[in-house]
Amino acid sequence: MDIILDLKIIHSFWGSIGAAKRQAMREVANTGGVILDVCAIEVRDPSLIFVGSLPTATIEPESSPTPGRRKIRPAALGTFHTTWGALIRPMDSIGYFVLRQPLSFLGTLPPPEASTILVAMEIERHFKSMQLGFIGGVPCISCNELIPEQRLMAIPGVRTCTTCQSVKEGEKK
Ligand SMILES: [Zn+2]
């Protein structure tokens, strides 16, 4: 069976994460686009959220930056190059998603010296076979940064990092 995340997403499975990366680069060389280096996938109802890093130069910011989670919306989806192993037992990279440009961007702009940026991409689910949860790390719902394991263990169900949590608490006062 080839479908694991969603019918809408074209998957290609490779023997190693390195091979997945090379194939993503090959696809980009042939058809254009950019590669999202995926570090976490959030399975929700009704969507899948891919969190990963992109070269900062590839994003096209909207005129007014909005606070909160940095999000991108590509013109179209290419192939998600991954391995079975990375989906079952995620390492630093889960896979490489080829995205077609332009990528519209919502969120606060990264500092000019940042060469890569962590972004979230939401895809509506058409095929609901996966149980809700996370593949890989659990990203903060405000800033996308992965929440350290220690914090996840200490506070079950926590969805914000310590930085965003303290900002939120500061606003309440
Ligand atoms: Zn955060």
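**Getting to know this predicted model**

Q: Why is serine 142 called partly exposed in this predicted model?
A: Serine 142 has 18 C-beta neighbours inside 10 Å. A residue is buried at 20 or more and exposed at 12 or fewer, so with 18 serine 142 counts as partly exposed.

Q: Where is the place of serine 142, and which residues does serine 142 touch?
A: Look in the loop between strand E8 (133-136) and helix H3 (149-154). Leaving out residues up to four places away in sequence, serine 142 touches Gly68, Arg69, Thr160 and Cys164. Because contact asks for C-beta atoms within 7 Å, each of these four residues meets that cut-off with serine 142.

Q: How far apart are serine 142 and methionine 91 in sequence and in space?
A: They are 51 residues apart in sequence, and their C-alpha atoms are 23 Å apart in space.

Q: What makes E2 and E6 a pair of strands?
A: Pairing needs at least two bridges, and E2 and E6 have 5, so they pair, here in the antiparallel sense. As an example, isoleucine 35 stands opposite valine 98 in E6.

Q: How do you know that E5 and strand E4 (residues 59-61) pair with E6 as well?
A: The cut-off is at least two bridges. E5 and E6 pair over 9 bridges in the antiparallel sense, with alanine 76 opposite arginine 100. E4 and E6 pair over 3 bridges in the parallel sense, and isoleucine 59 has leucine 103 as its bridge partner. Both counts reach the cut-off, so both are pairs.

Q: Which residues have the most contacts inside the largest nonpolar core?
A: That core has 36 residues, and those with the most contacts inside it are Leu36, Val38, Phe50, Phe97, Val119 and Met121. Among the elements that give it two or more residues are helix H1 (17-31), strand E2 (34-43) and strand E7 (116-124). E2 gives the most, with 7 residues.

Q: Why is this core said to lie between domain 1 (10-137) and domain 2 (139-173)?
A: Both domains give residues to the core, so it lies between them.

Q: How many residues of domain 1 and domain 2 are in contact, and what kinds are on the domain 1 side?
A: 11 residues of domain 1 are in contact with 7 residues of domain 2. On the side of domain 1 that touches domain 2, E2 and E7 each supply at least two residues. The residues of that side divide into 6 nonpolar, 2 polar and 3 charged. The C-alpha centres of the two domains lie 22 Å apart.

Methods:
Residues are numbered from 1 along each chain as its sequence is written. This is a predicted model: local features need pLDDT of at least 70, side-chain atom pairs count only at pLDDT 80 or more; totals for chains, interfaces and linings use all residues. A nonpolar core is a set of buried Ala, Val, Leu, Ile, Met, Phe, Trp, Tyr and Cys residues joined through C-beta atoms within 7 Å. Helices (H or I, at least four residues) and strands (E, at least two) are DSSP runs, numbered from the N terminus. Domain bounds come from an automatic or database domain assignment. Two residues are in contact if their C-beta atoms, placed from the backbone, lie within 7 Å. Ala, Val, Leu, Ile, Met, Phe, Trp, Tyr, Cys and Pro count as nonpolar, Asp, Glu, Lys and Arg as charged, and the others, Gly among them, as polar.
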